[in-house]
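Please keep the sequence and the structure in view while reading.

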Amino acid sequence: MAQIEWRAPQLSMKTLENYERTSGNCVGRNGRVIDVGTGTGLSGIAIRQVGFTGDIDALEPSKSMFEKAKEKNIYSRYYSDFLIENKETTVTGDAYDLVVSVGVFSNRSVRSQCLCEVIRMAKPGALVVILMVKNWYKSADFSDALKKIEKDKVANLAHLEEFEGIFEGHDAVGFVLEKL
Ligand SMILES: C[S@@+](CC[C@H](N)C(=O)[O-])C[C@H]1O[C@@H](n2cnc3c(N)ncnc32)[C@H](O)[C@@H]1O
């Protein structure tokens, strides 16, 4: 059976690069990065491919997934936490120059309430890049969470783009949040 090509990690970095090009705000490539929901490390590979040379830390609750990610020799530090609604992980706050999360937010495992926790990991002024299924992004639940984040001045939605047919035929969105 033909393998489905998983393009989401590359598209998350395309989202970042398009944001950088249109805003003129470029993220230093030697900063600290965390890959939230690392899986087997494909998102880490995509982060390296766009030039990030510094530490990339990993948050991944599945030990078997992370064992595969480790073989890729990308990650510096491993957090085995779950993102859970209204609960902080053990990741230090205000610590990262870039937070990336690819294919993790959904209406099943990681819901919109966990957005605040992912933003908490970023340094003030740093970016959070998320790639997720478009339908979930468009849901009232997610859109309310984003509105609240902007209203509470936690972060601004700075860039958004759409990609066709990424997750089993579903369209995806990639977006960039600027932490305030
Ligand atoms: C579709 S995979 C994406 C993996 C990787 N980011 C990539 O693009 O290749 C989603 C990942 O989210 C992780 N995940 C699921 N629930 C999670 C949670 N509550 N907190 C953190 N990660 C979670 C899964 O273990 C899985 O590795």
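Strand S6 and strand S7 (residues 170–179) pair in the antiparallel sense over nine bridges. Two strands count as paired if DSSP finds at least two bridges between them. Helices (H or I, at least four residues) and strands (E, at least two) are DSSP runs, numbered from the N terminus. The model is predicted: local features need pLDDT of at least 70 and side-chain atom pairs count only at pLDDT 80 or more, while totals for chains, interfaces and linings use all residues. Residues are numbered from 1 along each chain as its sequence is written.

The open sheet is formed by seven strands in the order S3-S2-S1-S4-S5-S7-S6, with mixed pairing. Strand S3 (78–79) and strand S6 (155–167) are at the edges and have a single partner strand each, so one side of each is left without a neighbour in the sheet. Helix H2 packs on the sheet and touches strand S1 (33–36), strand S2 (56–59) and strand S4 (96–102). The direction of H2 makes about 150° with that of S1. Axes here are lines fitted to C-alpha atoms, for helices over the stretch in contact, and angles run from 0 to 180 degrees between N-to-C directions.

In soluble globular proteins, nonpolar side chains tend to be buried together. The largest nonpolar core here has 54 residues, of which Leu98, Val99, Leu127 and Val128 touch the most other members. Such a core is a set of buried Ala, Val, Leu, Ile, Met, Phe, Trp, Tyr and Cys residues joined through C-beta atoms within 7 Å. Strand S5 (residues 122–133) gives the most to this core, with nine residues. Apart from neighbours within four places in sequence, Val99 is in contact with Ile34, Val36, Val118, Met121, Ala122 and Val128. Contact means that the C-beta atoms of two residues, placed from the backbone, lie within 7 Å.

Which residues are closest to the ligand? They are Gly37, Gly39, Leu83, Val102 and Gly103, among the 18 residues that surround the ligand. A residue is near a molecule if its C-beta atom, placed from the backbone, lies within 6 Å of it. Helix H1 (8–23) and helix H2 (42–49) are the elements that give two or more residues to this shell. By class, the shell has ten nonpolar, seven polar and one charged residues. Ala, Val, Leu, Ile, Met, Phe, Trp, Tyr, Cys and Pro count as nonpolar, Asp, Glu, Lys and Arg as charged, and the others, Gly among them, as polar.

A residue is buried if 20 or more other C-beta atoms lie within 10 Å of its own, exposed if 12 or fewer, and partly exposed in between.

| Residue | Other C-beta atoms within 10 Å | State |
|---|---|---|
| Val91 | 20 | buried |
| Asn73 | 8 | exposed |
| Asn86 | 8 | exposed |
| Asp144 | 11 | exposed |

Val91 is in the loop between S3 and S4. Leaving out neighbours within four places in sequence, Val91 is in contact with Ile34, Leu59, Tyr79 and Met121. Asn86 is also found in the loop between S3 and S4 and has a positive phi of about 55° although it is not a glycine. Asn73, in the loop between helix H3 (63–70) and S3, has a positive phi of about 55° and is not a glycine. Asp144 lies in helix H6 (residues 140–151). The C-alpha atoms of Asp144 and Ser112 are separated by 8.7 Å, and these residues are 32 residues apart along the chain.
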